[in-house]
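Trainee: I have a model to work through. Can we go over its helices, cores and rings?

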Amino acid sequence: MNRLSRRDFLKETDFTPEDLTYLLELAARLKAAKKAGREPKLLKGRNIVILFEKDSTRTRCSFEVAAHDQGAHVTYLGPTGSQIGKKESMADTARVLSGFFDGIEYRGFGQEIVEKLAEYANVPVWNGLTNEWHPTQLLADMLTMQECTGRPLKGLTMAYLGDARYNMGNSLMTGCAMLGVNFRSVAPRALWTSDEVFAKAQEYAAESGAVIERTEDVAAGVKGCDFLYSDVWVSMGEPDEVWKERIELLTPYRVTAEVMDMTGNPECRFLHCLPAFHNRETTIGEQIYQKYGIDCMEVNDDVFESERNAAFLEAENRMHTIKAVMVATLAEKNIDRALLKKGF
């Protein structure tokens, strides 16, 4: 049996640091196998359902392509495609879907929803995003950092600039602490990662050797960093009236060429889980410009359209790391043996 067989992946701390490292190694091997056209189909005959209460580009495409690459079949249920929460509870939905499918992905709102899904399902459940955690994105971020630097994760330094209270702020702080990456949450104090998450990250950091910090000071926060990370200032599901407050609070934390230069590291790269508001070429971007007079938000085009932007490699790596999670938790064949047989 494979080491993570039939395990749920709802947040980073569901697994050990060694498990996360294994998933990153597996993702790299699967990526190489795909690029070489020699990928073994370890999920042939499997059926997977992906539940989306929030729309998505990267998460949906990643799960669908990864599943198809591995020989699995995928059923997509979008925000209006099921009875979840309207006529059927999540507990009942979990038990129904467990009779049809070998694995369930959920992307939606509160973490308690995916936890309830996993409690009542008898197949692996994977968190594609909740308000509190984004574990599959964390894996893609870490794989991208390894590929960009060619160095082990342990000892690299990342700063996250923006609203650090939600899924990316939580997942990055916790995941970095687990894997030995020095992490700085750079944000206004009102938007800091919670004391609870910070304390848990410090526990992991004591084991890994990572240094985990929170600061309001942009210059101090980015100094010496290998990566600067940002995310949208207003999350899906939040009311429109918060835009004014966030713009006022977070404009000083926008990632610009000047901020990248503050790192003192010419090799520093920019990361973003996307989509990014870096110009006016979206409906929301134009609306914000008309209302508030700014033509970008969390990052500007000087950075986003430069060679320092690794966000598109990061987006591709969503698929490879999600594939690793599905293979590790669902494959019946010995994964290592199958990959070695293919030369990976």
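Trainee: At which residue does α13 bend?
Mentor: This is a predicted model; local features need pLDDT of at least 70, side-chain atom pairs count only at pLDDT 80 or more, and totals for chains, interfaces and linings use all residues. Residues are numbered from 1 along each chain as its sequence is written, and side-chain values use heavy atoms, leaving out hydrogens and water. The bend is the angle between axes fitted to the seven residues ending at a residue and the seven starting there. For α13 that angle is about 30 degrees, at Asn317.

Trainee: What span does α13 reach from its first C-alpha to its last?
Mentor: Helices are DSSP runs (H or I, at least four residues), and strands likewise (E, at least two), numbered from the N terminus. The expected span is 1.5 Å times one less than the number of residues. α13 covers residues 311-330, 20 residues, with 28 Å expected. Its reach is close to that, at 29 Å.

Trainee: How many residues of α13 are buried?
Mentor: Buried means under 20% relative accessible area, exposed over 50%, partly exposed in between (1.4 Å probe, protein chains only). α13 is mostly covered. Of its 20 residues, the buried ones number 17.

Trainee: Which residues does Met326 touch, beyond four places away in sequence?
Mentor: A nonpolar core is a set of buried Ala, Val, Leu, Ile, Met, Phe, Trp, Tyr and Cys residues joined through side-chain atoms within 4.5 Å. The largest has 68 residues, and Met326 is one of those with the most contacts inside it. Contact means heavy atoms within 4.5 Å. Met326 touches Leu43, Ile48, Phe63, Ala66, Ala67, Trp126 and Ala331.

Trainee: Why is the pair of Phe52 and Tyr76 tilted?
Mentor: Rings of Phe, Tyr and Trp (its six-membered ring) pair if their centres lie within 6.5 Å; planes under 30 degrees apart count as stacked, over 60 as edge-to-face and the rest as tilted. The centres of Phe52 and Tyr76 are 5.4 Å apart. The pair is tilted because the planes stand at 45 degrees.

Trainee: Which residue lies over the face of Tyr76?
Mentor: A charge sits over a ring if NZ of Lys or CZ of Arg is within 6 Å of the ring centre and within 35 degrees of the ring normal. Here the distance from the ring centre is 3.6 Å. The residue is Arg60.
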